[in-house]
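Please look over the sequence and the three-dimensional structure shown here before reading on.

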Amino acid sequence: MTEITSLTLYELIKNIKEKKISSNEAAKSFVDRAEKSKKINAYVTENFENCLKLSKEFDDKPNFDLKLPGIPIAVKDLFCTNEVRTTAGSNILNNFIPTYESTVTQNIWNEGGILLGKLNCDEFAMGSSNETSFFGNVQNPIAEDLVPGGSSGGSSAALAANLTPVTIGTDTGGSIRQPASFTGTVGLKPTYGSCSRYGIVAFASSLDQAGPMSKDVKDSSILLEVISSFDKKDSTSIDFKRNNYSSELNRNIKGLKIGIPKEYRVDGMPDEIEKLWKKGIEYAKDCGAEIIDISLPHTSYALPTYYIVAPAEASSNLARYDGVKYGLRSSGKNLIDMYEKTRSEGFGEEVKRRVMIGTYVLSSGYYDAYYLKAQKVRQLIKQDFDQAYNKVDAILTPSTPSSAFKIGEKSNDPVSMYLNDIFTVPVNLAGLPGISIPAGVDKNNYPLGLQIIGKPFDEQTVLNIAYSMEEKINYKNNITDWWMK
Amino acid sequence: MTIDLKTVKHISKLARISLEEKKAEKLATDMNSIFEFIEKLNELNTDNVEPLTSIAETTLRFRDDKITSENIREKILKNSPEKNDDFFVVPKVVE
């Protein structure tokens, strides 16, 4: 039979329920493979021994009614895990042991999931290539020296390398969808307010959302069903009726109206992205959807808006890292000097850059010109989508303007790095659900993704369209395990 | 508009991040290229637009003012870089 590690989550659950595979066997397979895959650098903290122990306990007293019965799962190191080190990819949290559990991870453990370990990510989720992590670059399993995307780069790499059956990431401007696109995997950012932010290391609170990352669409529907919940501990969590995303998953999208926004045809976009998009439109038609041209006129203002709103919120959120109650402390002549040295040594370059931008745009005399202006433009961007959704049920776009790039290629030019998120950022600004599914390859055989954006709280339609298109696209990752040789 | 070295140093004071001279220069260059990109927003007239402050139209919920966590003082103090009995220690602030 197929190796345990290459099974989808759905298949693994089925095998465990049918007692063909035990939880402990599954855990062992993933641990063994991780031991041979150190070169990927996916893990910041391994929880292997504990995972093996807990899987045995599950097998001794199995509960097959759970949604994730004894399934080992690795998660992005931005989720606080009780008594397991949580770093957010930063030196300043290098020794931080949370005393509480994030709601999203707690939901996974409640349904029988078992923590394999904590996955590498860009520092405080600020980056699009995983190169800002204090714990080093992550290799994209697709090819050597290729970035896995970011900020959930350890998650996308672990998934593509078969080190975990599914995983969770967080997405502030594209941090789930872009790495999914770069690794030929599926990544879903839910509607803002679907998944609790409690216990997730905060980056930009009005944009951050947790979401599933998986090998196929069905697996994302299973995991979304587990992690999406109303939570009193998050003041922006929304109490709406959540679907049973996996049992309601279907391919009946006949007659659905899918919008194609002309503004996403950006200058300098490679031909192959344009072709992929056209192919995607054909697939959607084949599935019975009706294609409608739409306009989202403020699209080109989304990135500049994001690069005011996100750093402003980050500078405020990151003010807590002062070297007093937890984390790194550097010594200083006095209290202020201690703060300044701690933050200078504890934060990496990109984080400092964003804290500085955020502090500047919020500083006296500049607030109206930058932050207020950005909030107004954010309103216009949201209104674009509101108007489009009067005409269509969902929107189809490319996920990224290019395939994965080489490690080091963009790390010296922040603006060119930021441009990576051009198609994903508007979705965060408007708080909408969006999924990236693998849809083809470029001339180097590197994966390319398509993005489906839905109406608020309409994850089910997004999943159903993705599920239908996935069948037509029939994408297969060709990963050679080069890092083991 | 350009952000000069003096402004960068002022901002780094506000952000409580100490900066070496060389790093400050590099940061000034980076910030200028980022703000050049941000200035695009000035093309838009937003005089009559309401700012979007929260994407989720929710009203803040109230809860009872009750302690919900058990006694985890030890665990919390364990994360502290410097402690003394039940207290966090900071450099002397009162002369």
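In α12(A), the residues Y370(A), Y371(A), K373(A), A374(A), Q375(A), K376(A), V377(A), R378(A), Q379(A), I381(A), D384(A) and F385(A) are buried, where a residue is called buried if 20 or more other C-beta atoms lie within 10 Å of its own, exposed if 12 or fewer do, and partly exposed in between, with C-beta atoms placed from the backbone. This is a predicted model, in which local features need pLDDT of at least 70 and side-chain atom pairs count only at pLDDT 80 or more, while totals for chains, interfaces and linings use all residues. Residues are numbered from 1 along each chain as its sequence is written, and chains are lettered from A and ligands numbered from 1 in the order in which they are written. Helices (H or I, at least four residues) and strands (E, at least two) are DSSP runs, numbered from the N terminus.

Helix α12(A) covers residues 368-388, and the 29 Å between its end C-alpha atoms agrees with the 30 Å that its 21 residues should span at 1.5 Å a residue; the expected span is 1.5 Å times one less than the number of residues. Its buried residues are covered by elements that include α9, α11 and α14 (425-429) of chain A.

T305(A) counts as buried because it has 27 C-beta neighbours inside 10 Å. Leaving aside neighbours within four places in sequence, T305(A) is in contact with A374(A), V377(A), R378(A), I381(A), L429(A) and L41(B), contact meaning that the C-beta atoms of two residues, placed from the backbone, lie within 7 Å. T305(A) and K373(A) are 68 residues apart in sequence, yet their C-alpha atoms are 8.4 Å apart in space.

The largest nonpolar core has 154 residues, and those with the most contacts inside it are A42(A), I73(A), I227(A), I308(A), I452(A) and A466(A); such a core is a set of buried Ala, Val, Leu, Ile, Met, Phe, Trp, Tyr and Cys residues joined through C-beta atoms within 7 Å. Helix α9(A) gives the most to this core, with 9 residues. For I227(A), the contacts beyond four places in sequence are V104(A), N107(A), I108(A), I168(A), C195(A), A210(A) and P212(A).

The sheet comes next. Its 8 strands, all in chain A, form an open sheet in the order β4-β6-β5-β10-β11-β9-β7-β8, with mixed pairing, two strands being paired if DSSP finds at least two bridges between them. The edge strands, β4 (166-171) and β8 (290-294) of chain A, each pair on one side only.

Within this sheet, strand β11(A) (residues 447-454) is largely enclosed by the rest of the structure, since 8 of its 8 residues are buried. P447(A), G449(A), Q451(A) and I453(A) point one way from β11(A), and L448(A), L450(A), I452(A) and G454(A) point the other way. Strand β10 (residues 434-441) of chain A pairs with β11(A) in the antiparallel sense over 7 bridges, and S436(A) has Q451(A) as its bridge partner in β11(A). In the hairpin of β10(A) and β11(A), which has 5 residues between the strands, N445(A) takes a positive phi near 75°.

Strand β9 (residues 394-398) of chain A is joined to β11(A) by 5 bridges and runs antiparallel to it; the partner of L396(A) in β11(A) is I452(A). With A394(A), L396(A) and P398(A) on one side and I395(A) and T397(A) on the other all buried, both faces of β9(A) are covered. Strands β7(A) and β9(A) run parallel, joined by 2 bridges, and A394(A) is the bridge partner of I258(A) in β9(A), while the partner of A394(A) in β11(A) is G454(A).

Where do the two chains touch, and how many residues take part? On the side of chain B there are 43 residues, in contact with 52 residues of chain A. The largest share of the side of chain B, 7 residues, comes from α2(B). The buried residues of α2(B) are L27(B), D30(B), M31(B), I34(B) and I38(B). They fall within an arc of 105° seen down the helix axis, so they line one face of α2(B), the arc being that of the directions from the axis to the C-beta atoms. What covers them includes α9 (302-317), α11 (349-362) and α13 (414-418) of chain A together with α1 (5-14) of chain B. The face of α2(B) turned away from its buried side carries the exposed residues E21(B), K22(B) and T29(B).
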